[in-house]
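Please look over the sequence and the structure first, and then read on.

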Amino acid sequence: MAQEKPASIVPLLSRALHRIRSTPPRIIASPPTQPRRAAVALIIRVVPSHSAPAPSSPSTPLSLSEFFEQEWVNDPDARPEILFLHRHNASADEVSLAQPRSRSTQDSHVAFPGGRTEPDDEGGLYTAMRQTWDEIGIDLAERQYTCIGQLDDREITTSLGKRLLMILSPFVFLQVTPDAPLPDPIDSTSLHWTPLTSLVLPATPSCWSTVTVDAASRLAPKHNSALRLLIRLLIGTMEFPAILLDTSSCTPPLANTKSQSTLEKGVPVRPPQSLKLWGLSLGMTLDLMSYMIFSTPNSRFTTPENVDSTPFLGSMQLPYQAEFETMRVDVVAPSLASVFPRFSYPDVNFWIWVFGKRYRAVVRGWEASVRSGGTNDRRINWSGSALSNFYAAIRKALVVVIVARALGILFGVSFALWWLFSR
C-alpha cells in the first residue's frame with residue numbers, strides 16, 4: 001500500500017500571509033534613553049515540484065492572491081520553505097540581536113538576516129533590505145520578491161529584562177517567482193532553507209531541545225570572574241527551549257564562492273553541526289506561524305487526545321483546526337511566552353511559578369487574543385507585558401533563593417563551629 005502523502009501547507013501559508021498583509025503591526029516607539037533599533041527579514045519561498053514541468057516566471061508582477069492561485073504553487077509536491085542563516089563568527093552586536101551566547105560549542109544557532117538601523121536608513125524596512133543584501137546577497141527590491149508586511153515589534157533586553165538594548169522590527173518577504181538569483185553570503189555565514197512542514201505538520205513533528213546559557217552572564221560584570229562563579233553556584237544555568245532543525249530535510253546550505261573553491265581544493269570542511277532555532281528567532285518564527293490559526297469560535301477548535309506536548313504548559317498548547325485535521329502548530333502562539341527559560345535548579349523554577357501569577361494572566365490573555373483574531377487589542381503590547389512580568393518573577397525568585405542559600409550556608413557554618421567547639 002502506498003504511503004499517504006502529507007497534506008499541503010500552502011493553504012495555511014496563504015492564510016497567514018494574507019492576514020499579515022491586512023493586519024497593522026504593533027509598533028513600539030524607542031524611548032529617548034535608548035534610540036537603537038534593528039530589523040530582520042523573514043524570507044519565504046515555494047519550491048516547485050521536481051516531478052512537474054518547470055513553471056515559467058510571470059511577465060508582470062502578481063498580487064498575493066494571484067500568486068497562491070497558480071497551479072505550480074498548489075501542486076501537492078510544492079514545498080514552502082523559510083530561510084535561516086548561521087553566523088559562524090557572530091559579532092557582539094549580532095549576538096545581542098539574535099540571542100545570548102550559549103555555553104555549548106556543539107550547536108549551530110540559526111537566525112534571520114538583519115542588523116542594526118543606521119542613521120541614514122529610511123526606516124525599518126530599508127534596514128532589513130539593506131542588511132539582507134550586505135550579508136547574504138539577496139536583493140529584496142528585485143521583482144522576484146515582495147514585502148508582505150511587518151510582524152509586531154519586539155523589545156530586546158538584558159539584565160533579566162531591566163535594561164532595554166533596542167527595538168527589533170521583523171519584516172516578512174515572499175519570493176513570488178519559481179526561481180531567483182542565487183544568494184552570495186559573506187564568508188562567515190551559511191544559509192539553510194528549511195521546509196515549513198517540519199515546523200507545522202504532525203507527520204514531521206518538531207524535535208524540541210534546549211540551549212543552556214550561563215545565568216551569571218546576565219547578572220554579573222563580564223570581568224568579575226569570582227562573582228560570576230558565585231552566582232553560577234547559587235542559581236545554576238538557564239535552559240532556553242529550542243527546536244532542533246532536521247538538516248536532512250533542509251535544502252543543502254549555501255556558502256559563498258570562496259568556501260566552494262576551498263572545498264574543490266580538497267581542504268577539509270567542518271561537518272555540519274546540529275541547527276537550533278531558539279531565542280528571538282524562535283519567537284519570530286512562532287509569530288509567523290500564529291497567523292495560521294483560524295480566528296473562529298471555540299467550537300471549531302478540537303484538541304485531540306494522545307498529542308505529544310511541547311515542553312510548555314498544556315494550557316498553552318495550540319488547538320488543531322477542523323479545516324486542516326492533519327495539521328497543527330506544535331507550539332504556543334505567538335511567541336515570546338514559549339521562549340522564556342527554565343533554570344537548572346528546581347527550587348528556582350518553583351519560586352518563579354509562585355511569583356508568576358501576573359505573567360500567566362498575560363499569557364492567557366495573549367493566547368485568547370490570538371485565537372480570536374486579535375483585532376480589538378492591537379494597542380496591547382503582549383510580548384512586552386509577558387516579558388516584563390516574567391523577568392519580574394525571576395528577579396523576585398532569585399532574591400528568595402539567594403537569601404535562602406545564604407541563610408542555609410550561615411546556619412551550616414554556625415552549626416559546624418558549634419559542633420567543633422562544644423566537643
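With which residue does D287 form a salt bridge? The partner is R154, and the closest N and O atoms of the pair are 2.9 Å apart, where a salt bridge is defined as a side-chain nitrogen of Lys or Arg within 4 Å of a carboxyl oxygen of Asp or Glu. Because D287 lies in helix α9 (residues 279–290) and R154 in strand β6, the pair ties together parts that are 133 residues apart in sequence. At 9% relative accessibility D287 counts as buried, and R154, at 1%, counts as buried too; here buried means under 20% relative accessible area, exposed means over 50%, and partly exposed lies in between, with a 1.4 Å probe and protein chains only.

The model is a predicted one, in which local features need pLDDT of at least 70 and side-chain atom pairs count only at pLDDT 80 or more, while totals for chains, interfaces and linings use all residues. Residues are numbered from 1 along each chain as its sequence is written, and side-chain values use heavy atoms, with hydrogens and water left out. Helices (H or I, at least four residues) and strands (E, at least two) are DSSP runs numbered from the N terminus.

**Salt bridges**

The structure holds 10 salt bridges, and three of them are set out below.

| Pair | Closest N and O atoms |
|---|---|
| D287 and R154 | 2.9 Å |
| R26 and D152 | 2.6 Å |
| D134 and R130 | 3.7 Å |

The bridge between R26 and D152 links distant parts of the chain, with R26 in the loop between α1 (10–22) and β1 (37–47) and D152 in the loop between β5 (145–150) and β6 (154–158), 126 residues apart. Both R26 and D152 are buried.

**Helix α4**

D134 is partly exposed, with a relative accessible area of 44%, whereas R130 is listed among the buried residues of α4, together with T127, A128, Q131, T132, E135 and I136. Helix α4 (residues 124–136) has 13 residues and reaches 18 Å from its first C-alpha to its last, close to the 18 Å expected at 1.5 Å a residue, the expected span being 1.5 Å times one less than the number of residues. Just after α4, G137 takes a positive phi of about 75°.

**Aromatic contacts and a nonpolar patch**

The charged end of R45 sits over the ring of W193, 4.0 Å from its centre; this term asks for NZ of Lys or CZ of Arg within 6 Å of the ring centre and within 35 degrees of the ring normal. F350, W351, W353 and F355 form one aromatic cluster. Of these residues, F350 is partly exposed, with a relative accessible area of 44%, and W351 is partly exposed at 29%.

On the surface, I409, F411, V413, F415, L417, W418, W419, L420 and F421 form a nonpolar patch with about 1,100 Å² of accessible area together. Such a patch is made of residues with over 30% relative accessible area and no salt bridge, nonpolar side chains (Val, Leu, Ile, Met, Phe, Trp, Tyr) being joined within 5 Å. F421 belongs to helix α12 (residues 382–421), and at 71% relative accessibility F421 counts as exposed.

Methods
Patch = residues over 30% accessible without salt bridge, like charges linked within 9 Å, V, L, I, M, F, W, Y side chains within 5 Å. Areas by Shrake-Rupley, 256 points an atom, 1.4 Å probe, with all protein chains shown as cover. Phe/Tyr/Trp six-rings, centres within 6.5 Å; stacked < 30°, edge-to-face > 60°.
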